[in-house]
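Hi there,

Here is the structure I promised to pass on to you. Have a look at it first, and my notes follow just below.

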Amino acid sequence: MTATSTNSAAPGGTPHPPTNRENHVTTGATVWLTGLPSAGKTTIAFELAGRLREEGHLVEVLDGDEIREFISAGLGFSREDRHANVQRIGFLAELLARNGVKVLVPVIAPYADSREAVRKRHQESATGYLEVHVATPVEVCSVRDVKGLYAKQAAGELTGLTGVDDPYEAPEAPDLRIESQDQTVQESAASVYALLSERGLA
């Protein structure tokens with residue numbers, strides 16, 4: 001049997017354009033965007049995801065609410081349960097990234113030891129990992145209040161809000177720190193993209 005090229009010439013000698021599969025960039029990595037509720041993590045993640053997909057990257061955004069519903073159902077918001085949730089997300093992210101996917105994780109992950117455990121998991125498999133701190137001040141987040149959490153907390157309808165009445169351990173040395181209140185979403189996403197490129201991951 002004679003092998004044929006996937007880029008065979010069309011009648012007249014003009015090569016067919018490469019297929020989408022040939023355009024895929026197969027270097028995987030996880031980008032974990034940590035920060036307070038309403039910091040802008042998810043918005044930045046989806047902006048970056050669009051740019052990466054346009055360039056042929058395989059991309060998944062692991063949304064924290066969806067993870068809670070489908071993978072971490074039954075977990076509460078104690079320190080132990082928050083840690084367990086982050087480790088489940090970290091396992092899934094590393095699995096995808098190890099198989100060539102750019103995984104964007106806009107999840108609070110409030111505890112430093114939880115985030116460090118995820119980083120170590122990636123290091124052990126030599127999988128790219130970037131920690132991005134979306135360092136929007138709580139005063140700005142409470143005004144944005146995308147999900148109404150700050151209003152509920154202020155009204156006494158909610159307790160355990162990260163950064164208000166529950167701890168948030170901000171990263172001391174993230175790979176990138178973003179002050180989202182001082183730049184556009186596009187500029188924030190571009191800064192993450194620039195870091196990926198600098199590390200040879202984009």
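One term before we start: a polar contact here is a pair of N or O atoms within 3.5 Å; within protein, one must be able to donate a hydrogen and the other to accept it, and residues adjacent in sequence count only if both atoms are side-chain atoms. The model is a predicted one, in which local features need pLDDT of at least 70 and side-chain atom pairs count only at pLDDT 80 or more, while totals for chains, interfaces and linings use all residues. Residues are numbered from 1 along each chain as its sequence is written, and side-chain values use heavy atoms, leaving out hydrogens and water.

First, Lys-41, which sits in helix 2 (helices are DSSP runs of H or I with at least four residues, strands are runs of E with at least two, and both are numbered from the N terminus). A polar atom of the Lys-41 side chain lies 2.8 Å from the backbone oxygen of Leu-36. Lys-41 counts as buried, at 6% relative accessibility (buried means under 20% relative accessible area, exposed over 50%, and partly exposed in between, with a 1.4 Å probe and protein chains only). Not counting residues up to four places away in sequence, Lys-41 touches Leu-33, Thr-34, Gly-35, Leu-36, Pro-106, Val-107, Ile-108 and Val-134 (contact means heavy atoms within 4.5 Å). The C-alpha atom of Lys-41 is also 9.8 Å from that of Ser-188, a residue 147 places away along the chain.

Now for the wider picture. The chain has eight helices and five strands, running α-β-α-β-α-α-β-α-β-α-α-β-α from the N terminus. Of its 202 residues, 43% count as buried. If you take the contacts between residues at least 6 apart in sequence, 74% of them join residues at least 24 apart.

Strand 3 (residues 102–105) is worth a look. In a regular strand the side chains alternate between the two faces of the sheet. Both faces of strand 3 are covered: Lys-102 and Leu-104 on one side, and Val-103 and Val-105 on the other, are all buried. Strand 3 runs parallel to strand 1 (residues 29–34), joined by four bridges (two strands pair if DSSP finds at least two bridges between them). Ala-29 stands opposite Lys-102 there. Strand 2 (residues 59–61) pairs with strand 3 over three bridges, also in the parallel sense, with Val-61 opposite Leu-104.

What is the nearest side chain of opposite charge to the buried Lys-102? It is Glu-55, 8.3 Å away, and Lys-102 has no salt bridge (a side-chain nitrogen of Lys or Arg within 4 Å of a carboxyl oxygen of Asp or Glu; Lys and Arg count as positive and Asp and Glu as negative, with His and the chain ends not counted). A polar atom of the Lys-102 side chain does lie 2.3 Å from the backbone oxygen of Thr-27.

Finally, two loop residues other than glycine have a positive phi. Ser-38, between strand 1 and helix 2 (41–54), has a phi near 70° and is buried, with a relative accessible area of 15%. Ala-109, between strand 3 and helix 5 (112–124), has a phi of about 45° and is buried at 2%.

Best wishes
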